[in-house]
Amino acid sequence: MRLVLLGPPGSGKGTQATRLKEELRIPHISTGDLLRAEVAAGTELGKQAKAVMDAGNLVSDDILLGMLEARLAQADVANGFILDGYPRNVAQANALGELLGRLDQPLDAIVQLDVPTELLVERIAGRAKEQGRADDNPESVRQRLQVYNDSTAPVIDFYAAKGTLARVDGVGALDEVLARILVAIKR
Ligand code: AP5
């Protein structure tokens, strides 16, 4: 199963991907986590990405595609993967299509998690208190939501037009949301 999880910041992509990983026994690839690991390791890429991420903006498409290509070359994705945080604009969606076409590994499912904005802000504020992620401050959150509306929402239309998108209500208990995703991807 090759699955993409789409949704705004705080919609539960990472939370549900962690659960789906256990359920489906395939790796979770989070581009946000890959970037945060580069920042934590102090690599040149991490240094370039940090200020952009902290401000709530998108890191360059070239950096992301290179990172993703390297990750998809690893052996553990042979039976599939859960992609969380990519694609984030239509150029990335096209690049992903080309990359997976070359690898002869088309996507099986694309799930969009639907959560109202007030709840997104509330969830991220809760996480800010617990974890102190650098981009969870109110200003960056506003910018991340804006970037989502401007750049990532068109990706939803891109996949909807192809007829490959499943919309899932992301509000509710974690198990309920997981069950809805499992139903959606088995359709
Ligand atoms: P990324 O790490 O992808 O962050 P994000 O998209 O802003 O997503 P979040 O991690 O905030 O939300 P989530 O949907 O995963 O929700 P979560 O499960 O954590 O990206 C960070 C940055 O990296 C970007 O801003 C950008 O700079 C850069 N980047 C990454 N990918 C890129 C790309 N492709 N191109 C360019 N730049 C890129 O849940 C949030 C909170 O809600 C948690 O506390 C959780 O416990 C809680 N929660 C979840 N589900 C529920 C529920 N059902 N009920 C109650 N609480 C819940």
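Visitor: How much space lies in the largest pocket?
Guide: In this predicted model, about 1000 Å³ of space lies in the largest pocket. Its lining takes in 45 residues, and the ones closest to the centre are Gly10, Lys13, Arg127, Arg133 and Arg144.

Visitor: Which helices and strands supply at least two residues of that lining?
Guide: The strands are β1 (2–6) and β2, while the helices are α1, α2 (31–41), α6 (117–131), α7 (138–162) and α8 (174–186), each of which supplies at least two residues of the lining. The largest share, 5 residues, comes from α2.

Visitor: And what does the lining look like by class?
Guide: Sorted by class, the largest pocket is lined by 19 polar, 16 nonpolar and 10 charged residues.

Visitor: Which residues does UniProt list for "binding site"?
Guide: The UniProt entry, which is unreviewed, lists Gly10, Ser11, Gly12, Lys13, Gly14, Thr15, Arg127 and Gly172 under that heading. From this set, Gly10, Ser11, Gly12, Lys13, Gly14, Thr15, Arg127 and Gly172 are found in the lining of the largest pocket.

Visitor: Where does Arg127 lie, then?
Guide: Arg127 is part of helix α6, and with a relative accessible area of 22% it counts as partly exposed. Leaving out residues up to four places away in sequence, Arg127 touches Gly132, Arg133, Asp136 and Arg144.

Visitor: Where is Gly172 found?
Guide: Gly172 sits in the loop between β5 and α8, and it is partly exposed too, its relative accessible area being 38%.

Visitor: Switching topic, how many salt bridges does a search of the whole structure find?
Guide: The search finds 11 salt bridges. As background, side chains of opposite charge can pair when their charged atoms come close.

Visitor: Which residue forms a salt bridge with Asp33?
Guide: The partner of Asp33 is Arg36, and the closest N and O atoms of the pair are 2.8 Å apart. Both residues belong to helix α2, where they are 3 residues apart, which is about one turn of the helix. Asp33 is partly exposed at 41% relative accessible area, and Arg36 is partly exposed at 27%.

Visitor: What about Asp54, which side chain does it meet in a salt bridge?
Guide: Asp54 meets the side chain of Lys50, with 2.6 Å from N to O. These two are about one helical turn apart, because they stand 4 residues from each other in helix α3 (residues 44–54). Asp54 counts as partly exposed at 26% relative accessibility, and Lys50 counts as partly exposed at 37%.

Visitor: And is Arg71 buried or exposed?
Guide: Arg71 counts as buried, since its relative accessibility is 12% and the cut-off for buried is under 20%. Its side chain meets that of Asp76 in a salt bridge of 2.7 Å, N to O, and Asp76 counts as partly exposed at 38%. Elsewhere, salt bridges that share partners join Arg127, Arg133, Asp135, Asp136 and Arg144 into one network.

Visitor: Where is Gln105, and what is it in contact with?
Guide: Gln105 lies in the loop between α5 and β4, and at a relative accessible area of 17% it is buried.

Visitor: Which way does the peptide bond from Tyr86 to Pro87 go, cis or trans?
Guide: That peptide bond is cis, with omega near 5°, and Pro87 has its place in the loop between β3 (81–84) and α5 (90–102).

Visitor: What is the phi of Arg25?
Guide: Arg25 has a positive phi of about 55°, although it is not a glycine. This residue lies in the loop between α1 (13–24) and β2 (28–30), and it counts as exposed at 70% relative accessibility. Asp104 likewise has a positive phi of about 55° without being a glycine; it lies in the loop between α5 and β4 (109–114) and is exposed, with a relative accessible area of 64%.

Technical notes. Residues numbered from 1 in each chain as written. Predicted model: local features only at pLDDT ≥ 70, side-chain atom pairs only at ≥ 80, totals over all residues. Heavy atoms only, no water. Buried < 20%, exposed > 50% of the residue type's maximum accessible area, 1.4 Å probe, protein only. 1 Å grid on protein atoms, 1.4 Å probe; cavity = no way out; pocket = protein on both sides within 12 Å on 5 of 7 lines; lining within 4 Å. Points joined across faces, edges and corners; volume = space filled by probe spheres on them. Nonpolar A, V, L, I, M, F, W, Y, C, P; charged D, E, K, R; others polar. UniProt positions renumbered as here; feature names shortened; annotations may be inferred. Contact = heavy atoms within 4.5 Å. Salt bridge = Lys/Arg side-chain N within 4 Å of Asp/Glu carboxyl O.
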